[in-house]
Amino acid sequence: MSEPVTYPPITENDDFISDALREASIPALMGSLSHLRGDLTIWGHGFSPSASPFGPIDLDGMTEEQRELVRAEAVKALAAYRDRGSPTVEPLDGETLLTVARLVIGNAAPDAFLPMLLADSGIDDSAIAPRPWSERERQKAADFAVLIVGAGMSGILMAIRMAQAGIPYTIIEKNAEVGGTWLVNSYPGCRCDVPNFFYSYSFEQRPDWSHQFCERDDILAYFQELARTYGVLDKIEFGSEVTEAVWQEHDSTWRIAVARSDGTVTTKVANAFIPAVGQLSRPKTPALAGAAAFRGVTCHTGAYDRSLDFAGKRVAVVGTGASGIQAIPEIAAKASHLFVVQRSAHWLLPSPNHQAEVPSGQKWLLKHVPHYARWYRARYASRALYGLKVVAKIDPSWPHQERSVSAANDQVRERLIDHLKSELSDRPDLLEKVVPKYPPFATRILPNDGSYLRALKRDTTELVVGEIASLDEDGIVMADGRHLDVDIILYATGFQSSQFLQPMRIVGRGGEALHDYWGQDARAYLGITVPKFPNLFMVFGPGTAVFNVIFLAECNSRYIMDAVQGMIESDLVSIECRQAVYDEYVDRYRQEANALAIATPGVSSWYKSASGNVVSNLPFDVPDYWNWTRKIRFEDFHVAPNGETSSTNAVATGRG
Ligand code: NAP
């Protein structure tokens, strides 16, 4: 935040403050002290925190003596701040702020990351200030119609931004409530695997999350509350699906067919069409021979039925990805017998406080200590957006590609295996099965506090490794002939992630269907826009997945808002990505993606399409992407001013 800020006043005595500081993240606290004192003196002791991409986020590489010294200085500074009546905190000058940022994150990322981290944490968001927008433009905006598909995290975000700019919008949502993935993934144990102090909108941070990694209900409540307070709920047509969208050349609009749950179909007209349906919204259930014969109950984690009761039942959970490892401990505690059906093992990231509540002292600090929560977020962000990529890059000269992609990746592998060994020292039979046979980061690495491995060790749990051949009346037949006799099968088998925007039929300029244009591999310039599909903007589209998709959706929404506001400002009826810009981007995308562990041949993951190519993830350096999406470059587009159609204006009129 580049503006002065006021925090809830501190009224507590020195002893209370001192006790709360026992739970402080020292790097974040040092960031706060820089603001409280308005200088860099807290960094003058000759020590500063380090950062590690692994282990608890609070690891800071400092000695207890050094931490004590920081805490003692913090008690004095906070008491003085309290005694002055908890005044407004003035911003630090630009250079000082960059120095503090560098030190707080433990020099863990290049300087190019710093403006991005400062903006995302809300410490200085001047770099992402929206396009200046006058009353006259607001009035013009009243005639522009936007249709958003999906009322999940990214649809709500898009709606909030449209409302703030005074641009009329409608949301079409297939479910009966808002929340998207957090609505339908209500399986037992479902919680965020990104800390909520980072997994939350940058402009709606919460100091009072109950856990670092909150349960699904808390996260759903967050989105529901925001949809209510920003007036988004009134703009949503629930129980409705977009089945088809067709570009109209003659008036540069999208004609959009909406099928309602009551069977009626209506047509909407929009100037901008914004699918915000995510990559993980359509559950993927294996098509197994004999499925119809099974007499028990089947369910998918991504379309979960909360009335399911596992108590005393024989259960199989199929899949050991992010959803499976969260559900398995809960179900193992209730089922009379649990089969965990594992086709491939996944790498687990030790995350000891994964289910721990945020302690009360820490909660107090997050709420009252100026900028403490923001620095806390910046530290998380640096780790998730930079630290993890460093160890995922392929070193082509590394000789052990079958197990790791580089020396750094190999070190991580050793540490992850050490963790598995320490948890399973008493169960060598399990250890052999749970060590993945591919490099770390080829699939999503899964934070876990050990509860998954403990669940596997229960007497009533069996880890079954192999392929499923079919189902029969009584359960699962494995390819090796084993029969798993069960009452309930819970599929934790992921989503149709690479089939972007399916099952909508989207027809662009010249009658081209989007899925024909794409073939097997969906692509988009910046993950947002595609030639021949003017005024179509995707949120969380192809090639955009990063560890925190809220961060990504904010990049997308910024770009889309700049595009739409720029169109309104300049009286443009359509903008269409230039083919050459798209082709060049897609080429670079392929090269960058193929340089990362996610491209490891022979490893299946939701990152890849049926062709085996990576289509889901963002492979570029995140600050580059953040910069590319801060403002639209109209020279990347064919633009058509009012009075012309896109086809009459294939040549750029260009706007910088
Ligand atoms: P996933 O990562 O795609 O995992 C699917 C699992 O099902 C894999 O173990 C897969 O095995 C297995 N599988 C698929 N088809 C199978 C079949 N026919 N027979 C046997 N096993 C089969 O899906 P997910 O666990 O739902 O997670 C998807 C993504 O959702 C995550 O990566 C994450 O981004 C997100 N997510 C986030 C959270 C959160 O807390 N924020 C929680 C859950 C999910 P193979 O590995 O052999 O293919």
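The legends below describe close-up views of one predicted model. Residues are numbered from 1 along each chain as its sequence is written, and side-chain values use heavy atoms, with hydrogens and water left out. Because the model is predicted, local features need pLDDT of at least 70 and side-chain atom pairs count only at pLDDT 80 or more, while totals for chains, interfaces and linings use all residues.

**View 1. An open sheet of three strands has the order E14-E15-E16.** The pairing in this sheet is antiparallel, where two strands pair if DSSP finds at least two bridges between them, and strands (E, at least two residues) and helices (H or I, at least four) are DSSP runs numbered from the N terminus. Strand E14 (468–472) and strand E16 (483–485) stand at the edges with a single partner strand each, so one side of each is left without a neighbour in the sheet. Strand E15 (residues 475–478) pairs with E16 over three bridges, and isoleucine 476 stands opposite leucine 484 in E16.

**View 2. The second largest pocket holds about 520 Å³ of space.** A pocket is an open set of points, on a 1 Å grid over the protein atoms alone, where a 1.4 Å probe fits, with protein on both sides within 12 Å along at least five of seven lines; lining residues have an atom within 4 Å of a point. The volume is the space filled by probe spheres set on the points, which are joined across faces, edges and corners. Of the 24 lining residues, Ile128, Ala129, Pro130, Arg161 and Gln164 lie nearest the centre. Helix H7 (153–165) and helix H17 (549–569) are the elements that give two or more residues to this lining, and H17 provides the largest share, six residues. Domain 1 (14–127 + 362–387) and domain 2 (144–282 + 497–641), with bounds from an automatic or database domain assignment, both contribute to the lining, so the pocket lies between them.

**View 3. Serine 86 and histidine 371 each have a positive phi although neither is a glycine.** Most residues other than glycine have a negative phi. Serine 86, with a phi of about 50 degrees, is in the loop between helix H3 (64–83) and helix H4 (94–104), and is buried (under 20% relative accessible area, with a 1.4 Å probe and protein chains only), at 5%. Histidine 371, with a phi of about 65 degrees, is found in the loop between helix H11 (360–368) and helix H12 (372–390), and is buried at 2%.

Conventions. Buried means under 20% relative accessible area, exposed over 50%, partly exposed in between (1.4 Å probe, protein chains only).
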